[in-house]
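Please look over the sequence and the model shown here. A short report on selected local features comes after them.

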Amino acid sequence: MDAVSRLDHALAGPACAAATTSTLAAVDGMVAERIYTSELVGPETIADRRQVAENAPLLSALAEGNRARITAAVHALVYSHTHIVRLRVSQGKSVLADIGGPYIVAPVGGNLFDHGRLVGRYLLSVQDDLGVVGLVKRLIGVPLTLRMGGVHVPLEGTVNSGAVAIPDRGAVTVHGHRLQAYSFDAKAFPTGVVRISLLLPRAGASAHSCAAVRVAELARIGRLIWGRFLLDRSPIDGFVSFLHSHTGALAYVRAGSRQLAGSTTPGPSRLPASGALRYRGVRYGVSSFTAETAAGRTRVYQLVRL
């Protein structure tokens, strides 16, 4: 019995049928947009903004108007082994330093003050186009294309769709393949728009409910995210918060009845391996899988709001 079949008994409803592909695209597109948004407002971005705003060498160089020192400070920040991939510093309309890669998305900016006096402004990003492509492919596992001004951004791992018009949502044929598109706009650096389009293979008409299809697709993505965390040897509680921020799902990791990490504490008293659950007045679709961790054999649960 496949994952959707196990879920469908608890998430009964009309067959998803012709809506299967659009349902899958909506799930994958939502996660892709959350991946992008996290680069604008995520904890790494907040930390890097603080690092720039409080960088004494940069602030004093701006106060003195010493361009060589400004450039040196910006270079040190970009290559400080944090997450900044590009940093631009300006005073008024003059750009004094701009260091980083060419294809950058998700810029955020702010003012720079030295002892309370405005001395400049910064624009930074913690994500480049290639990073977005890598995250979408690793965490969602679908091909995509990026365009600026209708022109393909030449990045490794993307599909060059040529002159084909990619819709916001819907079917599109690229190089003879019938695909389903999900597109959204991302901010380019320093201005402009990068159009990101996921290109999903057309799925067969499912006999299961669309709710079951949606929960199963998020479960698939959850397992990919778990795999990345295992590979990086990251802490389990980091997986829980990352999964929630990137999928909207609640997550719980348990060894028997003992909760090792969870979106809430103590979490639901009992969790089914799959099916449906009402928790704190909200109905969720539940999926899970077993995994080996430092704490031994565990079960990882994912709760998707229905």
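Predicted model: local features only at pLDDT ≥ 70, side-chain atom pairs only at ≥ 80, totals over all residues.

Residues are numbered from 1 along each chain as its sequence is written, and side-chain values use heavy atoms, with hydrogens and water left out.

**Rings**

The whole structure holds 5 aromatic pairs. Rings of Phe, Tyr and Trp (its six-membered ring) pair if their centres lie within 6.5 Å; planes under 30 degrees apart are stacked, over 60 edge-to-face, and the rest tilted. Tyrosine 36 and phenylalanine 184 form a tilted pair, 6.3 Å centre to centre with 45 degrees between the planes. Tyrosine 36 sits in helix α2 (residues 20-41) and phenylalanine 184 in strand β11 (residues 177-187), 148 residues apart. Helices (H or I, at least four residues) and strands (E, at least two) are DSSP runs, numbered from the N terminus. Both tyrosine 36 and phenylalanine 184 are buried (under 20% relative accessible area; exposed is over 50%, partly exposed in between; 1.4 Å probe, protein chains only).

Elsewhere, ring pairs join Trp226, Phe229, Phe239, Phe242 and Phe289 into a cluster.

**Helix pair**

α2 packs on helix α3 (residues 43-53) at about 25 degrees, with axes 5 Å apart. Axes are lines fitted to C-alpha atoms, for helices over the stretch in contact, and angles run from 0 to 180 degrees between N-to-C directions. The two helices, α2 and α3, are therefore roughly parallel (under 35 degrees; over 145 is roughly antiparallel, 65 to 115 roughly perpendicular, the rest oblique). Ser38, Glu39, Leu40 and Val41 of α2 make the contact with Pro43, Thr45 and Ile46 of α3; contact means heavy atoms within 4.5 Å.

**A buried loop residue**

Isoleucine 166 lies in the loop between β9 (151-152) and β10 (169-174). Isoleucine 166 is buried, at 16% relative accessible area. Leaving aside residues up to four places away in sequence, isoleucine 166 touches residues including Arg147, Val172, Ala181 and Leu199.

**Backbone**

| Residue | Phi | Relative accessible area |
|---|---|---|
| Alanine 106 | near 60 degrees | 1%, buried |
| Histidine 175 | about 55 degrees | 59%, exposed |

Alanine 106 is in the loop between β4 (104-105) and β5 (108-114). Histidine 175 is in the loop between β10 and β11.

The peptide bond from phenylalanine 189 to proline 190 is cis, with omega near 0 degrees. Threonine 265 and proline 266 are also joined by a cis bond, with omega about 10 degrees.
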